[in-house]
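Hello,

Here is the structure I promised to pass on to you.

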Amino acid sequence: MNAPTPLREALSQSPAEILPLLPAMGRVMLSARFNGAIHERMGAVDSVTIDADKARLTGECHDSVIDLAVVKRIVVDRSGKMRDKVLPKLECQDAAGETLFSLIGLEGLELFDAALAPLAAGAPLEPVVREAPSGGAQEVAPEDLGAATFAAILANALPIAIDFERPGLFQHWVGLLPEPKPSMGFVNVMQGDFHLHLQAGAVAGWARHQTEAELVLRALDAEGRETGLSLRGPAAAFAGVSSVREPAAHG
C-alpha cells in the first residue's frame, strides 16, 4: 500500500529542477508579501528559463525573475483551502528557512501533484499552525498616500507598470489601472491576472526618478527606506501624485 501523501514536505531537488515543472500545473498564482504590499500574478506559466542563478517565469499572465542564489529550498504545502477546494503551493524559502513567496496551484491538488510526479518524494514536515485573521482591520484614510496615488493614476487613464522586488524575486505587471477598492485596511488593485494589496500607511513617500522615457516612483516607508514597490510610466500618468503623505485633516 502506498504511503499517504504528506500535507507538507521538503523537496530534495533544487529550485532550478523544480520550477520548470510549473507550466504543467495550469493556472498558478505567484504571491509575494513584503513591507506592507502583496503583489500577485495569476495564470498559466508558459515557460521557465534557467540562466545561471536566475529563473525567468514568462507567459501572458506572468513576468518574474527568481534569484536562485537566494531561494535555496522549496517546500510543498497541501493544507491550504478556499471553501472546499484544496489550493496547494510551493513555498520558496531562503537558506534560513524563511518563506519569501509562494507559487499556488489554482487548478487544485490533482494537476499540482501530477506536475510534481517526476520528482522523488520529499521529507515529510510537520503541519504549520496558522493564526486566524484578526478582526477589526483599520479603514483606509482619504489622505493615505497609496490610496491618493492610485486615485490620481486612475483619473489620468494611462497605462503604468507596477513592479515589486523583495529578496529572491522581481515581479512585473503593466496595464491600465483597474479602479482601486479600499477595504479591510488595504488599497486593493485587482483584475483577472493581477492583484496588488497595499496596506494603509505602508507608503509614506515616493522617490522620483525621471528618465528620458518615463517617470519612476519608488515607495518609501516612514523612515525613508525603499519598500520594494515601484511604479513606472509616462510622467502624465502620475499628474497630481504627491511625493509625501498629506497630513490628516482635523476638525
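**Two loop residues to start with**

Ala52 is exposed, with a relative accessible area of 69%. Please keep in mind from the start that this is a predicted model. You will find Ala52 in the loop between β4 (47–51) and β5 (54–59). Its backbone is worth a look: Ala52 has a positive phi of about 55°, although it is not a glycine. Most residues other than glycine have a negative phi.

Met184 is another case of this kind. Its phi is near 55°, again a positive value in a residue other than glycine. Met184 sits in the loop between β15 and β16, and with a relative accessible area of 57% it counts as exposed.

In which order do its eight strands lie? The order is β4-β5-β6-β14-β13-β20-β19-β18, in an open sheet with antiparallel pairing. On average, neighbouring strands here are turned by 20° against each other, direction ignored.

β4 and β5 are paired in the antiparallel sense over five bridges.

Is Ser64 buried or exposed? Its relative accessibility is 1%, so Ser64 counts as buried. Leaving aside residues up to four places away in sequence, Ser64 touches Leu30, Ala55, Arg56, Leu57, Leu169, Phe170 and Gln171.

**The sheet with ten strands**

There is also an open sheet of ten strands, with antiparallel pairing and the order β12-β1-β7-β10-β11-β2-β3-β17-β16-β15. Its edges are β12 (123–124) and β15 (181–183), each with a single partner strand, so one side of each is left without a neighbour in the sheet.

Look inside this sheet for β7 (residues 73–77) and β10 (residues 89–93), which run antiparallel and are joined by five bridges. Val75 has Glu91 as its bridge partner in β10.

Which strands does helix α2 (residues 109–116) lie across? They are β7, β10 and β11 (99–105), and the helix runs at about 55° to β10. Helix α3 packs on the sheet as well, touching β16 (186–191) and β17 (194–199), and its direction makes about 35° with that of β16.

In soluble globular proteins, nonpolar side chains tend to be buried together. In this model, the largest nonpolar core has 57 residues, and those with the most contacts inside it are Leu90, Phe150 and Ile162. Helix α3 (residues 145–156) gives the most to this core, with five residues.

Not counting residues up to four places away in sequence, Leu90 touches Ile18, Leu22, Met25, Ile74, Val75, Val76, Phe101, Ser102, Leu103, Phe112 and Leu116. A second, separate core has five residues, including Met29, Met42, Leu87 and Ile104.

**An aromatic pair**

A pair of aromatic rings is described by the distance of the centres and the angle of the planes. The structure holds one such pair. Trp173 and Phe194 are stacked, at 4.5 Å centre to centre and with 5° between the planes. Trp173 belongs to strand β14 (residues 169–175) and Phe194 to strand β17, so the pair ties together parts that are 21 residues apart in sequence. Both Trp173 and Phe194 are buried.

**The cysteines**

How many disulfides does a search of the whole structure find? It finds zero.

Enjoy exploring, and write back with any questions!

Best wishes

Terms used:
Residues are numbered from 1 along each chain as its sequence is written. This is a predicted model: local features need pLDDT of at least 70, side-chain atom pairs count only at pLDDT 80 or more; totals for chains, interfaces and linings use all residues. Side-chain values use heavy atoms; hydrogens and water are left out. A nonpolar core is a set of buried Ala, Val, Leu, Ile, Met, Phe, Trp, Tyr and Cys residues joined through side-chain atoms within 4.5 Å. Buried means under 20% relative accessible area, exposed over 50%, partly exposed in between (1.4 Å probe, protein chains only). Helices (H or I, at least four residues) and strands (E, at least two) are DSSP runs, numbered from the N terminus. Contact means heavy atoms within 4.5 Å. Two strands pair if DSSP finds at least two bridges between them. Axes are lines fitted to C-alpha atoms, for helices over the stretch in contact, and angles run from 0 to 180 degrees between N-to-C directions. A disulfide is a pair of cysteine sulfur atoms within 2.5 Å. Rings of Phe, Tyr and Trp (its six-membered ring) pair if their centres lie within 6.5 Å; planes under 30 degrees apart count as stacked, over 60 as edge-to-face and the rest as tilted.
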